[in-house]
Each structure stands twice: as structure tokens, then as C-alpha cells.
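Here is a short briefing on one protein model. Look it over with the structure open beside the text.

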Amino acid sequence: MADAPLDTDVAVVGAGIVGVACALQLARQGRRVLLIDRNEPGQGASYGNAGHLATEQVFPIADLSILKRLPRMLLDPMGPLRLDWKYLPKAMPWFVRLLLNLRPAPFQRSVAGIRALNEGSLGAWQQLLESIGHSALFKEDGSLLVFEKPASRPVLEALAARMQRQNVAVDLWSAESVRAAAPQLNPALLGGLFFPGTGHFIDPYRVVCEVFEAAKASGVRFIHAEVDGGQPNAAGVSLTSSQGRFQARQVLVSCGAHSARLTAALTGKHVPLDTERGYHLMLPAEHQRLPFAVTSLERKFIMTPMAEGLRLAGTVEFAGLDAAPSMQRAWQLHRLSTGLFRDELSTEGATPWMGFRPSLPDSLPVIDRVCDGRVLLAFGHQHLGLTQAAVTAQWVGRLAEQSAGPEMQAYRLDRF
């Protein structure tokens with residue numbers, strides 16, 4: 001099939017929340033945008049995320065304690081952080097890079113990079129949702145991290161001190177404060193940390209859909225196709241796909257966990273992108289249990305109130321893109337909730353889910369402009385894709401028109 005006429009300024013590959021938000025931003029800047037995905041918008045990780053605007057999570061996905069946890073990660077199939085032993089040989093180069101990034105200097109660069117994105121995330125989302133008339137999809141009501149064991153108190157207090165040093169707003173709550181704000185939780189909980197500068201989305205999938213509808217209203221075209229390669233050329237970039245070839249002046253690679261192959265084809269650069277397989281369990285019979293998102297320090301999972309019920313999420317598994325989901329991990333989330341409430345949660349009508357979170361070993365995304373501006377990149381946001389989507393779209397809008405400024409240095413492709 002011959003290349004289509006050059007009537008596309010930017011072809012955005014990937015219709016998750018990052019890609020859709022970028023498509024809308026670029027269209028509003030006057031660009032003719034083509035959005036391409038093999039699935040309907042929002043059908044990947046954006047469909048089933050925890051729905052938490054996690055601006056408080058400014059630290060990388062792992063610290064040095066991961067070395068102590070490695071044997072359990074390999075042996076415990078239901079642990080909160082699992083590494084499939086069959087996937088270990090393929091995952092080892094990625095984990096070696098992760099360990100190297102835990103040295104003091106690179107670790108602090110990662111913290112600074114995550115914090116810079118997170119600090120702009122709340123305002124960017126408020127602006128975006130207001131602009132499309134759907135501010136009600138987000139509740140700016142904070143989030144709570146609770147603890148149960150006396151031995152966890154110094155851990156919690158140390159975490160609060162670390163976060164305060166990173167300018168994260170955090171309040172230490174007593175057991176009485178927790179009971180007053182969330183009376184359905186177990187009164188035996190000892191207290192927690194409340195993060196006032198956070199919030200949650202009441203329906204993450206609908207957020208994607210509404211942003212997509214706004215993008216279409218701004219002129220964005222959508223095509224079902226699986227992009228399997230491409231090459232920069234004199235006119236811009238040519239993409240090959242299951243629907244033939246597409247030509248555009250610029251291409252934005254924003255297809256999450258599937259971004260590495262296309263990035264390599266377009267730039268010749270290998271990106272050490274791996275996948276955190278995240279699970280959730282949706283409980284449609286559970287409404288009005290929580291006023292805001294609540295995370296358990298010891299049990300390491302989050303519970304978010306949504307329009308369709310209560311979503312339990314947070315378990316992480318490293319097993320690649322091809323292994324079948326282990327839905328027992330999703331059901332394990334309900335078992336983890338046992339004892340956190342006065343009355344146990346109902347599983348009537350419950351549905352499990354698994355999705356791929358694109359993760360890089362320094363816990364920072366790639367947000368960059370390469371190949372003389374013909375290729376734009378926005379992927380690798382790990383478990384912060386929803387949180388950072390709106391601010392990433394603003395940055396990509398600037399990158400489409402000019403080279404990256406010094407504030408984007410930490411996210412460049414050439415750091416690998």
C-alpha cells in the first residue's frame with residue numbers, strides 16, 4: 001500500500017490516557033492529529049488503574065530493601081511484589097540497571113524527576129478536566145496511608161519526614177482522626193499519614209473516554225491499527241501497520257508497555273522498558289465505604305472509592321507481556337482487605353483485571369524530542385501514568401514545537 005497523503009501533522013501511536021491527552025493538547029495547538037491504536041481508547045492500563053492521583057509518590061518504585069526481598073519475590077506467588085522465576089533471565093538486565101540507579105546520586109535524580117512531574121500534575125488535571133466540562137470526574141479530597149502495628153509507627157514517621165523534605169504536604173493522623181474521617185475502617189488501626197494534595201478519579205476509564213471525545217471534537221482522527229514499525233524520512237516519518245502505511249510530519253510514541261520496539265525502529269535506540277503487571281479487583285457491591293483512597297502500609301495495596309464501587313489495587317508482578325494473567329493475585333486483594341474494616345467487604349459481582357504498567361529502571365518516563373524533531377516520545381510512567389498524563393501532555397505540546405529545555409533533561413532518551 002502506498003503512503004497516504006501528507007495530511008497529518010502528528011501521528012500519535014497509543015490511545016491510553018497519556019496518548020489521548022497528548023492528542024488533545026496537540027490538536028488544540030492547531031495540529032492535524034491522527035491517533036492510532038489496535039484497541040479502543042483506554043483499553044490498556046488506563047482502564048484498570050487504581051484511580052489515585054498519586055502526587056505524594058515521589059520516590060522510585062524500589063529501594064535497597066529489594067535485595068532482601070528478592071528470594072520471597074521468586075518464591076511467593078501471592079506476594080505484593082512478585083518476580084516470576086521463569087521470567088528471571090530476561091528480567092535480570094533490567095533489575096541490574098534498577099540496582100545501579102539505587103546509588104545515591106542517580107536515586108536523587110530520580111526523586112527530583114518524579115517530583116517535578118508530580119508537582120504539576122494536580123493543576124494540569126484540574127485545567128484539563130475543566131476545559132472539557134468534566135471536573136466532577138475528579139475528587140480533590142486527599143488520600144490516607146494507614147498502619148496497624150506498633151512497630152510500623154517509626155517507619156511511618158520516617159516516611160513522613162522524607163516526604164516533607166521533598167515538599168510533599170503530609171499530616172500525621174492519630175487513630176482518632178482516622179476513625180472520624182473513615183468510620184467504617186477497623187477502629188483498631190493505629191493512625192496514618194494524610195496527603196491533602198492528592199485525590200482520586202471516580203471512573204478512570206470514563207476519564208479516558210471523555211478526553212478522547214474532546215480530542216475528536218478538536219479534530220483528532222482515530223484509526224484501529226497495530227503499528228509494527230516505521231522510519232524517519234525527508235517528509236517526516238513513515239509508519240507501517242496492519243492497515244498499511246501512514247505518513248506524518250511527526251510521530252509521538254505513546255503506547256505504554258509496547259513502546260520499546262517502535263522506539264528502536266524509529267531511533268535505533270534500545271530502551272530498557274519492562275512491565276509491572278498490575279492487578280485490581282472491582283467490588284460493585286461496595287459503595288460509601290471510604291471517603292477517599294486508603295492505602296495499607298503493611299499490606300501494600302490501595303482501596304479507591306469509585307462510581308461503580310470500591311476498587312482494590314496495587315499488587316505488582318514482573319512476568320513480561322506474554323505470560324497469562326494470574327487472576328488469583330487479583331482475588332488476593334480481597335483477602336488482604338480482611339480485618340481493615342468493621343465489616344468485611346462483599347465480593348458479590350466482583351471482577352478481576354490485569355494490565356501492563358510500562359516501567360524503566362530509574363522510575364522516570366521518557367519524554368523527549370529526537371530525530372531532528374520528527375519523533376516525539378512519551379512513555380514509561382510506571383504506576384504514575386494517570387497521575388502524570390495531563391502534565392506530560394503539556395510538555396509534549398511544547399516539545400512538538402521546540403527542543404527540550406533544561407527542565408526536561410532527566411527524561412531524555414539518551415540517558416540510556
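His 52 stands opposite His 200 in E9. The model is predicted, so local features need pLDDT of at least 70 and side-chain atom pairs count only at pLDDT 80 or more, while totals for chains, interfaces and linings use all residues. Residues are numbered from 1 along each chain as its sequence is written, and side-chain values use heavy atoms, with hydrogens and water left out.

- E3 and strand E9 (residues 199-201) pair in the antiparallel sense over two bridges.
- Strands (E, at least two residues) and helices (H or I, at least four) are DSSP runs, numbered from the N terminus.
- Two strands pair if DSSP finds at least two bridges between them.
- An open sheet is formed by three strands in the order E3-E9-E5, with antiparallel pairing.
- Strand E3 (52-53) and strand E5 (138-139) stand at the edges with a single partner strand each, so one side of each has no neighbour in the sheet.

- Five of the five residues of E21 (375-379) are buried, so the strand is largely enclosed by the rest of the structure.
- Buried means under 20% relative accessible area, exposed means over 50%, and partly exposed lies in between (1.4 Å probe, protein chains only).
- Val 375, Leu 377 and Phe 379 point one way from E21, and Leu 376 and Ala 378 point the other way.
- Strand E14 (residues 250-253) pairs with E21 in the parallel sense over three bridges.
- In that part of the model, Val 253 stands opposite Leu 377 in E21.
- Strand E20 (residues 366-370) runs antiparallel to E21, and five bridges join them.
- Ile 367 has Ala 378 in E21 as its bridge partner.
- E20 and E21 form a hairpin with four residues between them.
- Cys 371, in the turn, has a positive phi of about 55 degrees.

**His 381 and helix H11**

- Where is His 381 found? His 381 sits in the loop between strand E21 and H11.
- His 381 counts as buried because its relative accessibility is 3%.
- Leaving out residues up to four places away in sequence, His 381 touches Val 18, Pro 358, Pro 365, Ile 367, Gln 388 and Thr 392.
- Contact means heavy atoms within 4.5 Å.
- Helix H11 (residues 385-399) bends by about 35 degrees at Val 391.
- The bend at a residue is the angle between axes fitted to the seven residues ending there and the seven starting there.
- H11 is mostly covered, with 13 of its 15 residues buried.

**Pocket and cavity**

- On a 1 Å grid over the protein atoms alone, a cavity is a set of points where a 1.4 Å probe fits but cannot get out; a pocket is an open set with protein on both sides within 12 Å along at least five of seven lines; lining residues have an atom within 4 Å of a point.
- Grid points are joined across faces, edges and corners, and a volume is the space filled by probe spheres set on the points.
- The second largest pocket holds about 270 Å³ of space.
- Its lining has 13 residues, and the closest to its centre are Asn 101, Arg 109, Asp 362, Ala 410 and Arg 415.
- Helix H5 (residues 104-131) gives the most to this pocket's lining, with three residues.
- There is one cavity of 30 Å³ or more.
- About 40 Å³ of space lies in the largest cavity.
- Residues lining the largest cavity include Pro 60, Leu 98, Asn 101 and Asp 362.
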